[in-house]
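Please report on the fold details of this structure.

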Amino acid sequence: MTCGTCQLEIGGNEIMKQFTVRTNARAEMIDITDRIRILLKESRIRSGICHVFVPHTTAAVTINENADPDVPQDILMELGEIVPYNNHYRHAEGNSAAHIKASILGASETVFIENGDLVLGTWQSIFFCEFDGPRTRRVIVRLAALDSLK
Amino acid sequence: MTCGTCQLEIGGNEIMKQFTVRTNARAEMIDITDRIRILLKESRIRSGICHVFVPHTTAAVTINENADPDVPQDILMELGEIVPYNNHYRHAEGNSAAHIKASILGASETVFIENGDLVLGTWQSIFFCEFDGPRTRRVIVRLAALDSLK
Amino acid sequence: MTCGTCQLEIGGNEIMKQFTVRTNARAEMIDITDRIRILLKESRIRSGICHVFVPHTTAAVTINENADPDVPQDILMELGEIVPYNNHYRHAEGNSAAHIKASILGASETVFIENGDLVLGTWQSIFFCEFDGPRTRRVIVRLAALDSLK
């Protein structure tokens with residue numbers, strides 16, 4: 001936004017977007033980095049913060065390596081050993097393990113934006129984590145820009 | 001804030017608030033969504049980001065389902081199996097399990113604000129997680145508003 | 001930033017900084033609170049939000065107690081029991097356990113800024129968590145300031 005009088009670019013600004021993810025298995029990690037990059041490019045934000053939020057209680061978002069697809073496979077396998085599907089849970093729907101994994105990995109991630117791109121390490125990808133699929137899920141992304149301090 | 005010359009609403013703004021939570025058990029999950037909604041309503045912020053922070057090392061904050069109270073019960077039960085209270089820990093206070101669970105679930109959550117309300121999925125509630133109670137605990141909330149991009 | 005016409009302090013502003021951490025063991029927690037405080041002091045930001053991000057997939061950031069160094073030791077020990085180094089993982093590099101621990105603790109933390117200092121509880125420190133060291137690692141910090149609501 002530009003001040004009509006002094007012509008300074010004023011204030012921060014932000015935009016909220018969402019997209020859907022179709023999962024195909026009970027437990028699955030799907031790389032959503034490129035889909036977030038598309039939203040970022042459309043926003044024209046050059047510098048700021050990107051928050052990714054999953055509005056579900058049996059799914060999560062995490063950052064990890066995708067160069068070797070064995071890494072997300074190992075994460076899903078080991079989480080399955082740590083939190084077994086059946087373990088005298090009380091919740092009658094039979095998906096308590098999915099709820100627990102969702103809280104362990106978390107519903108949100110925060111990534112920085114610089115030069116119009118996500119600031120990620122060489123091996124980092126952003127994954128949507130399905131723990132009670134297959135389903136159609138939603139991911140909400142908020143991109144915020146602030147003036148840079150000199 | 002409004003520019004005195006061009007009358008544009010300028011910049012972002014934010015407010016920090018806190019409240020206390022009284023816990024009644026060694027491990028307990030308490031739904032604090034409504035208490036955060038009250039702070040949000042008082043702030044009159046219509047769009048932005050809500051950060052929730054727990055300033056303790058044996059407690060945490062998580063987002064999960066509260067429609068069925070068995071879900072938080074299952075989360076607490078399973079976390080108790082994953083991280084047993086006694087396991088040849090070195091920390092002499094006897095609450096190492098609580099410290100470990102705090103790091104696994106995390107000290108903060110980020111939720112979006114739109115139309116003056118929290119953007120949560122149908123089944124999502126925000127829980128304060130006590131792992132070393134009963135105690136009186138604090139929750140700090142920061143509500144930030146930015147101009148919306150057109 | 002000050003409007004040249006009405007002289008109001010306008011908008012939010014932010015700064016991104018990074019530093020390196022040298023780790024000395026396969027698994028290690030290093031207190032980085034003071035290093036973040038130095039960046040905050042240099043920024044002269046009085047009120048806002050501090051995001052800490054680790055751009056690695058076999059390391060993490062967490063908040064916990066450092067008053068007793070046995071606490072981080074117990075966290076590392078117990079995480080090692082929950083996620084064993086060897087467990088028929090498929091990833092050939094032999095560091096799958098480190099990837100899994102990284103996702104369990106997470107790549108980012110959010111801390112509030114007030115009166116020019118981090119808003120941390122009495123016992124809270126911010127730790128860089130190495131799970132596949134020893135290595136030289138990076139930590140990226142983003143400090144954002146917004147106008148305070150009255």
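Two strands count as paired if DSSP finds at least two bridges between them. Helices (H or I, at least four residues) and strands (E, at least two) are DSSP runs, numbered from the N terminus. The model is predicted: local features need pLDDT of at least 70, side-chain atom pairs count only at pLDDT 80 or more, and totals for chains, interfaces and linings use all residues. Residues are numbered from 1 along each chain as its sequence is written, chains are lettered from A and ligands numbered from 1 in the order in which they are written, and side-chain values use heavy atoms, with hydrogens and water left out.

**The three-stranded sheet**

Chain C holds an open sheet of three strands in the order β2-β7-β4, with antiparallel pairing. β2 (28-31) and β4 (59-64) of chain C stand at the edges with a single partner strand each, so one side of each has no neighbour in the sheet. On average, neighbouring strands of this sheet are turned by 30 degrees against each other, direction ignored. β4(C) and β7(C) (residues 125-130) run antiparallel and are joined by six bridges. Within this pair, A59(C) stands opposite E130(C) of β7(C). Helix α3 (residues 96-105) of chain C packs on the sheet and touches β4 and β7 of chain C. Contact here means heavy atoms within 4.5 Å. The direction of α3 makes about 40 degrees with that of β4(C). Axes are lines fitted to C-alpha atoms, for helices over the stretch in contact, and angles run from 0 to 180 degrees between N-to-C directions.

Buried means under 20% relative accessible area, exposed over 50%, and partly exposed in between (1.4 Å probe, protein chains only). Six of the seven residues of β5(C) (residues 108-114) are buried, so the strand is largely enclosed by the rest of the structure. Its pairings in chain C are tabulated here.

| Strand pair | Sense | Bridges | One bridge pair |
|---|---|---|---|
| β3(C) (residues 48-53) and β5(C) | antiparallel | six | I49(C) and F112(C) |
| β5(C) and β6(C) (residues 117-119) | antiparallel | three | E114(C) and D117(C) |

The hairpin of β5(C) and β6(C) has two residues between the strands, and N115(C) takes a positive phi near 55 degrees there.

**Helix α1 of chain A**

α1(A) spans residues 33-43, and T33(A), I36(A), L39(A), L40(A) and S43(A) are buried in it. Seen down the axis, these buried residues fall within an arc of 125 degrees, so they line one face of the helix. That arc is taken over the directions from the helix axis to the C-beta atoms. D34(A), I38(A), K41(A) and E42(A) are exposed on the other side. R44(A) follows α1(A) with a positive phi, near 65 degrees.

**Cysteines**

A disulfide is a pair of cysteine sulfur atoms within 2.5 Å. The count over all chains is zero. C50(C) is buried at 0% relative accessibility. C129(C) is also buried, with a relative accessible area of 0%.

**Chain copies**

Copies are superposed by least squares on the C-alpha atoms of residues with pLDDT of at least 70 in both. Chain B is laid on chain C by a turn of 120 degrees and a shift of 0.0 Å along the axis, with an RMSD of 0.0 Å. Only 19% of the interface residues of chain C are also interface residues in chain A, so the copies meet through different surfaces.
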